[in-house]
Amino acid sequence: MAEAKVKYDRQLRIWGEQGQAALEKASICLLNCGPTGSETLKNLVLGGVGSITVVDGSKVEVGDLGNNFMVDESSVGRSKAKCVCSFLQELNDAVKAKFIEEYPQALIVTNPSFFSQFTLIVATQLEEDSMIKLDRICREANVMLIFARSYGLTGFVRVSVKEHTVIESKPDHFLDDLRLNNPWPGLKSFAESIDLTVADPVAHKHIPKVVILVNMASEWANSHDGKLPSTRQEKQEFKELLKSRMIAMDEENYKEALESSFNVFAPRGISSDLQLIIDDSAAELHCGSSDFWVMVAALKEFIANEGGGEVPLEGSIPDMTSSTEHYVNLQKIYHAKAEADFLVMEQRVRNLLKKTGRDSASIPKHTIKSFCRNARKLKVCRYRPIEEEFNSPSLTELQKYLTDEDYSVAVGFYILLRAVDRFAANYNSFPGVFDGGMDEDISRLKMTVVGLLNDLGCNGQTLTEDLISEMCRFGAAELHAVAAFIGGITSQEVIKLITKQFVPMLGTFIFNGIDHKSQLLFL
Amino acid sequence: MADSATSRSRDLDKLLLRPGNLVGPSFEPGPELRDDLRDYARVLVVGAGGLGCELLKDLALSGFKNLDVIDMDRIEVTNLNRQFLFRLEDVGKPKAEVAAKRVMERVNGVNIVPHFCRIEDKELDFYNDFNIIVLGLDSIEARSYINAVACSFLEYNVDDTPREETIKPMVDGGTEGFKGHARVILPGITPCFECTIWLFPPQVKFPLCTLAETPRTAAHCIEYAHLIKWDEVHSGKAFDPDDPEHMQWVYKEAVKRAELFGIPGVTYSLTQGVVKNIIPAIASTNAIISAACALETLKIASGCSKTLSNYLTYNGVEGLHIKATEFVRNKDCLVCGPGVLIELDTAVTLRKFIDMLEEHPRLLLSKASVTHRGKNLYMQAPPVLEEMTRSNLSLPLFDLMGKVSRDVVHVAGLSSMDNKKASSMRKLRVAFKGVPDGVTDMDMAGGA
């Protein structure tokens, strides 16, 4: 166990012990273990997921040796699922590795209940009709699903879950929750207890910026009918006022106060993103509501009542120039307010649980605490059923992408990735797989593209000749470097889905391996 | 090509053997291209860590057969969550050697030569033997060094355009947590590492007075124990971050200090993180960035598609952001530019020349070693070479350079630019006053 902690040290620093525990509980099923699937699983096995099940019915061919690191000379003619599985097991003996020698597209039809035992399915290199069937099965069974495909110098990754909610979204840059524009009485009285006009220069330059700004803001408000600076000129005047209180050039605390003065001007209340979440119909609770939505409902009540339009205080402050004493006291004040807000929230959550007929203790304290700390950063991700996207993609978006230079290649590949499946359904192989008959394949693919665009509502449109020929040149090749890229992206998204940390991608990711103008398409 | 379907290069052949319209300008598809890539292309992978392991695998499966890998580190337990070529029983062994062995075991026909040493230990010629250098590093200094080496091979025509055959392409990758970058550097054409050094802001250090007088965070307490208290108590004994007893000591001192000031949050894990400046790292990000680097390497070597121009960023923290940005060269770059011009009298000795480098405002280079067209004029180290070249110091540089009117010399030493000492290499254009350009001027001959 101690060894595992050392082994996973570099990732524990990212997703913590809770994230790691979630990974270790997860059971992942991989469909098709070509390089795209194998590389996806490799990254997850290294990270220590609980178990993997590799499903693939094919035997290893010589050609597989050129693009898949998980098979070698001795594998030729043997079950690909078995060979890949045994190499993956070598990477981490803490992972339970299993394989099933069956074709995924057959399994989807013959044994749909098979998939309900897993936390998440990684479906690679599937064709359109299998994708649609699998998507239905997984949504029904509440199993997370992610599709990945590599095809020549292109490919895609698409998450498909009904709803994914995130408390710990851990954004890189986020405004500190300082409440300088709306200080609560405790903060205000602490700030007032510190004299900004103190004569001792050492004391003067160790007054934290929070105290300076709270006091200066109330000084300003006193002389401006209780209002804070709002116009550009007022903001400038406020900054000048701040500057005029410096008694030496090297007062870092005042420089920091100047840089943070926008906190004083910021509008009060919650962000529009959070407003959307509390207004979501899922926040109207019923007996099947998830913990997340119960807490959102409690949050909504909190904002309307005790919060006075604000969320529970986050409770931590960034480092700032200050004496140790002032800083530690300030930390205590923020912490105490956050604790008080949490207790109110907890009570509201417990009441709501009771109201909806659930055990009022069913959401643990630490979850509610984490929810309060992250209330400003909540995320809700929803994904359209794949069948809906395929049959009726957003026409306005599609038209926009087709005419936007930055998107034209990516959306071209999106269309082509779908067209090659139609092509294969009609002609029994992907375009350009065989060296003979390239010209015929190109014109057939072109016709398929025109037909597909027509069906999607883009009548009379087509793609450039160059891109269509390029897709035929690819001949359904699964290049190792492209597969490793797509597999890397896929495993990253799987980690986010399983740990419920960070924010998974929305939309369909289209890889453009020609000039790397890859894009996310929202269709 | 009937065997294509049953050959090892089944998938790669589609890209290398078939013509296309969205390809590089030099693309000549056919079996010869595939065979040349296999038989003649030589790629150096710098670093056998998180990126290096992936790069070796990716390149070995992208048609390259002749690979070298250089890394000075040994395998640690904390590598195992991402450096997939290593197993628990490999801990303590050189990374380069184990990585090379593992890839060769699995990919038939690939030859990987490991170099278990520092990058500075190799002669310039070593680096010049490769067609492409791929970097999987985690330090700015190491990137800067390799960049300077690759740029030192670059020669310019008289009209200041780069001579194509002297361009040594580099592909560089880097990751941190859920973020990373991949870039293509064609010295003289696209910005080199030094042209865009601002992309790597220097690490923020805590002011010593904060640590000593007004600590506020757990990190302040840790750095106090590490940077101040250690020296007070262990007079003269150097702190070794890899010694667990040293780390324990710092941790305990940091805890004491935190208690004294009422500061929460000092843990052993944080102590290690702060003291060793640990960058969080995971398998998936390394896989993404390495794959992008390997793909670009294949494209540069074969022309089978367009090349990334020239900087790709990946950020998977919030959703997925992938962006290619075209940065521009710094025309005055000391490293990839035509070089600092130094005009000398023909009587100036090598010793005087070396002294001048220390004073030169654009160089500030001390303890310089000097080479001219691959020949060591003076070497500071190792002692054997120093002794062999010492007698040159009293000779005029003009004579040592074969009495040419102007030519490029390379100097390596300690640069003290920006108040920071760092080993660096510089390219200088030396011109001798009063000497007419003659047929012996190789730069001119090449440009003509």
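A salt bridge here is a side-chain nitrogen of Lys or Arg within 4 Å of a carboxyl oxygen of Asp or Glu. Residues are numbered from 1 along each chain as its sequence is written, chains are lettered from A and ligands numbered from 1 in the order in which they are written, and side-chain values use heavy atoms, with hydrogens and water left out.

**View 1. A salt bridge between chain A and chain B.** The side chains of A:D172 and B:K179 meet in a salt bridge, with an N to O distance of 2.9 Å. Across the interface of chain B and chain A the rule finds 10 salt bridges.

**View 2. The interface of chain B and chain A.** With contact taken as heavy atoms within 4.5 Å, 82 residues of chain B and 86 residues of chain A take part. About 6900 Å² is buried between the two chains, and carbon and sulfur atoms give 58% of it; buried area is the accessible area (1.4 Å probe) that two parts lose on being put together, summed over both. Of the area that chain B buries against chain A, B:R18, B:R106 and B:R216 supply 12%, more than any other three residues.

**View 3. Domain 1 and domain 3 of chain B.** The assignment, which is automatic or from a database, gives chain B domain 1 (27-201 + 281-325), domain 2 (208-276) and domain 3 (340-432). The C-alpha centres of domain 1 and domain 3 of chain B lie 30 Å apart, and their contact takes 11 residues from domain 1 and 7 residues from domain 3. Between these two domains about 780 Å² is buried, with 49% given by carbon and sulfur atoms, and B:L124, B:Y145 and B:S152 supply 38% of the area that domain 1 buries against domain 3, more than any other three residues.

**View 4. The salt bridge of B:R429 and B:D160.** The closest N and O atoms of B:R429 and B:D160 are 3.5 Å apart, and the count between domain 1 and domain 3 of chain B is 1 salt bridge.

**View 5. Confidence along chain B.** Chain B averages a pLDDT of 92, and 96% of the residues score at least 70. Over residues 439-448 of chain B the pLDDT is below 50, and this stretch has 17 contacts in the model beyond near neighbours in sequence. Where pLDDT is low, the predicted coordinates should not be read in detail.

Conventions
Predicted model: local features only at pLDDT ≥ 70, side-chain atom pairs only at ≥ 80, totals over all residues. pLDDT = per-residue confidence, 0-100.
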